[in-house]
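Morning, everyone. Let me put the structure up, and then I'll talk through two parts of it.

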2 protein chains.
Amino acid sequence: MAEQTEQLDETIQLLSDLLQSGQDSEFIESFEALHDFEMAQVYAELPEQFRAVAWRLLPIDVLAAVFDNLDVDEVDIAGLLAEMPPQRGAQILQEMYTDNAVDLLQEMPSGQIATYLSLMPKADADSVRKLINYDDQTAGSLMSTEYLAVKEDLKVGEVMRLVKKQALEAESISYVYVLDQQGLLVGVISLRDLLTHPDDMPVSEITNDRIISVRAGDDQQEVAQIVADYNFLSIPVTDDKNHLLGVITVDDIVDVIDEEAVEDYSGLAAVNVSQINDSPWHSAVKRIPWLIALLLLGMLTATVIGSFDGLVRQVAILAAFISLITGTAGNAGTQSLALAVRRIAVGSENSGLRDFLSEVIAGLIVGLATGMSVFAIVTFWKHNMILGFAVGVAMTMAIMVANLAGYLIPLLIDKLGFDPAVASGPFITTLSDLTSVLIYFNVAQLFLVHLAGG
Amino acid sequence: MAEQTEQLDETIQLLSDLLQSGQDSEFIESFEALHDFEMAQVYAELPEQFRAVAWRLLPIDVLAAVFDNLDVDEVDIAGLLAEMPPQRGAQILQEMYTDNAVDLLQEMPSGQIATYLSLMPKADADSVRKLINYDDQTAGSLMSTEYLAVKEDLKVGEVMRLVKKQALEAESISYVYVLDQQGLLVGVISLRDLLTHPDDMPVSEITNDRIISVRAGDDQQEVAQIVADYNFLSIPVTDDKNHLLGVITVDDIVDVIDEEAVEDYSGLAAVNVSQINDSPWHSAVKRIPWLIALLLLGMLTATVIGSFDGLVRQVAILAAFISLITGTAGNAGTQSLALAVRRIAVGSENSGLRDFLSEVIAGLIVGLATGMSVFAIVTFWKHNMILGFAVGVAMTMAIMVANLAGYLIPLLIDKLGFDPAVASGPFITTLSDLTSVLIYFNVAQLFLVHLAGG
C-alpha cells in the first residue's frame with residue numbers, strides 16, 4: 001500500500017510538471033494511459049490550479065471515468081464538480097453511469113441538483129430523477145440503467161451486433177437480458193454463450209429463463225448475498241410487475257459488502273471505523289458522545305453499588321469481585337451480541353423459538369462452566385467457600401442475563417426496523433454491568449450472615 | 001432468505017420424487033436447468049441414496065459445476081466426493097476450476113490427495129500440485145489456471161477466434177492476457193475492446209500495457225483491496241520474474257472480503273461468528289475457553305482490588321465507582337482497538353510516530369472530556385468534590401491508558417506477524433480493567449486523608 005501511495009505521488013508530480021511546463025498534449029496522453037481508478041486518484045489530488053487546466057484539456061468521457069471512479073465517502077466530489085461551470089458539470093454527469101451520477105447528486109443541496117438536471121437532455125435527466133428517489137441501502141440506489149437488453153425473437157448474430165454496438169456504453173457486457181413484447185424480463189443470455197454458438201441460432205435456445213432478479217426496494221445486503229452466492233457479474237433489478245429497471249454490477253456489490261462489514265464492525269465497537277484518517281480532535285469528538293452516554297448508564301450501576309455500601313463496609317472483599325463479574329458477563333454478552341448480529345445479517349434469523357432456546361441453553365452452559373471455575377478459584381484462594389459460592393452463583397446468573405441481552409437486543413432493534421449493528425458491544429457491556437452488580441449484591445446480601453462471619 | 005430456503009426445499013422434494021419414481025431423464029433435465037449455485041445446494045441436501053443415483057446419471061461437467069459451487073467451509077465436500085469411486089472423483093476434480101479443486105483437496109488427508117492425483121492425467125495433476133503448495137490466505141491459493149492468454153503479435157480477429165474456442169473452459173472471459181516471446185506478462189486486452197475493434201487490427205493497438213498484477217505470495221487482503229479499488233473482474237497472478245501463473249476472479253475476491261470481515265468482526269468479539277448454526281453445546285464449548293482465559297486475567301484485577309480492602313473498608317463509596325471507571329475505560333479501549341485494527345487492515349499504518357501522537361492526543365481529549373463529566377456528576381451527586389476529583393482524575397488516566405493499549409496492542413501483534421484481529425475487544429477491556437483499578441485505587445489512596453474525612 002505504501003508503495004502504491006508513493007507511485008501515486010510520483011505520477012501526480014509528473015503530471016503537474018507537464019502542465020507547469022505547458023506540455024498539454026503530453027499531459028493528456030499520460031493521463032489517459034492511467035487506469036480509471038488511478039485517473040480518479042490523481043485528479044482528486046492534483047493542486048487546484050492544475051485541475052482548473054485539466055478539466056479544460058481532458059475529453060468528457062475521460063472526465064466521466066474520473067468521476068465514476070471517485071468514492072463519495074472519501075472525496076468531496078461535488079466540490080470537484082463545482083470547480084467547473086455548470087454546463088461542463090452537467091455534461092460529465094450525463095456521461096457517467098447513472099448509479100454513480102445519482103450518488104454524486106445526492107451529495108448536493110436540492111437547488112444545485114435542479115440546476116444540473118435542467119442542463120441535461122430531458123431523457124437523461126428523467127432517468128436520473130427516477131433513480132434519485134430510491135432509498136440509500138436499496139437495490140434501486142445501486143443500479144445503473146446502462147444495460148444490454150433484447151427482444152426474445154432474435155438470432156445470435158443479431159444480438160452480437162447489438163452487443164458490439166452498445167458495448168462501450170453498457171456498464172457490464174457479461175449478460176444480455178431478454179424482454180418479451182410487454183417489456184417484461186423473461187430471461188438472460190451470457191456473452192459466453194453468445195460467443196460459442198452459431199450466428200443463425202435463435203437466442204431463445206441459449207436463453208436461461210430461470211432468471212434471478214431483485215426488486216428495486218430490496219435491501220442492498222440481501223442483493224449482495226445473492227450475487228455472492230451465485231457468483232454473478234451483475235444482477236437485474238425489476239419493479240413489482242417484473243419490468244426491467246436496471247442492473248447492479250459486481251463492483252458495486254463489492255463496495256456494499258465492504259460497507260456493511262465496516263458498519264457491523266463499527267457498531268460492535270461504538271466508533272465509526274470508516275473515518276480512520278480524522279484529526280485527533282475530530283476523532284475524539286466522534287468518540288466522546290458514545291462514551292458520555294454510556295457513562296450516564298454506568299452511573300446507574302454506581303448508584304446500585306452505592307446503595308449497598310453498608311454491605312461493602314462489612315464485607316470489603318466483595319468489592320474485589322465487582323470487576324471480575326461485570327467484566328466476564330460483559331465478555332459473554334459481547335460474544336452473543338456478535339453472533340446475533342451476524343445471524344441477522346446473513347438472514348438466518350427466522351427460526352425464532354428454536355434459536356432462542358438454543359441461546360438460553362448455550363448461556364446456561366457458559367454460565368455454569370464459568371461460575372464453577374470462579375467458585376473453585378475463589379474458594380481455594382480466599383479459603384472461603386461461602387464467598388466462592390456467592391461469587392460463583394452471581395457469575396452464572398450474570399452471564400446468563402448478559403448472554404440473553406446480547407441475543408435479544410439486536411433482534412428487537414431489527415424487528416423495530418433499525419440496523420441491529422447499532423446495538424454496540426460497549427452498550428451491551430455497560431448494560432450488563434448494571435444487571436451484573438444488581439445480581440451480585442443481591443446474591444451477596446442473601447449470604448450476608450455467613451459472609452460477615454466467614 | 002426464508003423464501004429462498006423454502007424454494008430450495010421444494011426443488012429438493014421435486015427432484016427426489018423424480019428419482020424415486022424412476023423418471024431419470026426428467027431428473028437430469030430439471031437438475032441441469034438450475035443455476036450452478038442451486039445445483040450445488042440441491043446436490044448437497046439430497047438424501048444420500050438419491051445422491052448415489054444422481055452422480056451416476058449426471059454428466060461430468062455438471063458434477064464439476066456442483067463441486068465448483070460448494071463452499072468448503074460450509075459443506076463436507078470431501079465426504080460428498082468420497083461417496084463415488086475414486087476414478088469418478090478424479091474426473092470431477094480434473095474438470096473443476098483448479099482453484100476450487102485445490103481448495104477441496106486441501107480438506108483431505110495426504111494419502112487421499114495422492115490417490116486422486118494419481119488418477120488424473122499428468123498435466124492436470126501437475127498444475128494442481130503447483131497450486132496446492134501456496135499458503136492459504138495468499139494470491140496463489142485463490143488463482144485458477146484456466147485463463148485466456150495470447151502472444152502479442154496477433155490480430156483482433158485471431159484473438160476473438162481463440163476466445164470463442166476457449167470460452168467454455170476459461171473461468172473469466174472478460175480479459176485476455178498478452179505474453180511476450182519469453183512468456184512474460186506484458187499487457188491485457190479487454191473483451192469489450194476486442195468486440196468493438198475491427199478483425200484486422202493488430203491487438204497491440206488495443207493492448208493496455210500498464211498492467212496491474214499481483215505476486216503469488218501476496219496477501220489475499222491486499223489483492224482484494226486492489227480488485228475492489230480498480231473494479232476489476234479478474235486480476236493476473238505472476239511469479240517474481242513476471243511469468244503469468246493464473247488469474248483470480250472477482251467472485252473469489254467477494255468471498256475474501258466477506259471472510260476477512262468475518263475474521264475482524266469475530267476478533268473484536270472473541271467468538272467465531274462464522275459458525276452461527278452450531279448446536280448450543282458446540283457454541284458454548286467454543287465460547288468458554290476465551291471466557292475462562294479472560295477470567296484468569298480478571299483474577300489479577302480482583303487481587304489488586306482485594307489488596308486495597310483496608311481503603312474500601314474506610315471509604316466504602318469507592319466501590320461504587322469501580323465498574324464506572326473500568327467500564328468507561330474499556331469502552332474507550334474498544335473504540336481505539338477497532339480503529340487500529342481497521343487502520344492496519346486497509347494498510348494505512350505506515351506513518352508511525354504521527355499516528356501514535358495523534359492517538360495520544362485523541363486519548364487525552366477523550367479522557368479529559370469524560371473525566372471532567374464524571375467529576376461534575378460525582379461532585380454534584382455525592383456533594384463531595386474531593387471524591388469527584390479523585391474519580392475524575394482516575395477516569396482520565398484510565399481512559400488514556402486503555403486508549404493507548406487499544407492502539408498499541410494490535411500494532412504489536414501485527415509487527416510480530418500475526419493477524420491483529422486476534423487482539424479482541426474482550427481482551428482489551430479485561431486488560432484495561434486491571435490498569436484501571438490500579439490507577440483508581442492508587443489515586444484514591446493519595447486522596448485518602450481527605451476522602452476518609454469527607
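This is a predicted model: local features need pLDDT of at least 70, side-chain atom pairs count only at pLDDT 80 or more; totals for chains, interfaces and linings use all residues.

Residues are numbered from 1 along each chain as written, chains are lettered from A and ligands numbered from 1 in written order, and side-chain values use heavy atoms, without hydrogens or water.

Start with strand β5 of chain A, residues 234-238. Strands are DSSP runs of E, at least two residues; helices are runs of H or I, at least four; both are numbered from the N terminus. In β5(A), 5 of the 5 residues are buried, so the strand is largely enclosed by the rest of the structure. Buried means under 20% relative accessible area, with a 1.4 Å probe and protein chains only.

Which way do the residues point? A:Ser234, A:Pro236 and A:Thr238 go one way, A:Ile235 and A:Val237 the other. In a regular strand, side chains alternate between the two faces of the sheet.

Now the partners. Pairing takes at least two DSSP bridges. β4(A), residues 214-215, runs parallel to β5(A) with 2 bridges. There, A:Val214 sits opposite A:Val237. β6(A), residues 244-249, is antiparallel to β5(A), with 5 bridges. A:Val237 faces A:Gly246 there. β5(A) and β6(A) make a hairpin with 5 residues between them. In the turn, A:Asn242 has a positive phi of about 80°.

Last, the annotation. An unreviewed UniProt entry marks "transmembrane region" on chain A, including residues 360-381 and 388-413. Positions follow the numbering used here, feature names are shortened, and annotations may be inferred rather than shown by experiment. Residues 360-381 are 100% helix, with end C-alpha atoms 31 Å apart. Residues 388-413 are 100% helix, with ends 37 Å apart by C-alpha.

Notes:
Buried means under 20% relative accessible area, exposed over 50%, partly exposed in between (1.4 Å probe, protein chains only).
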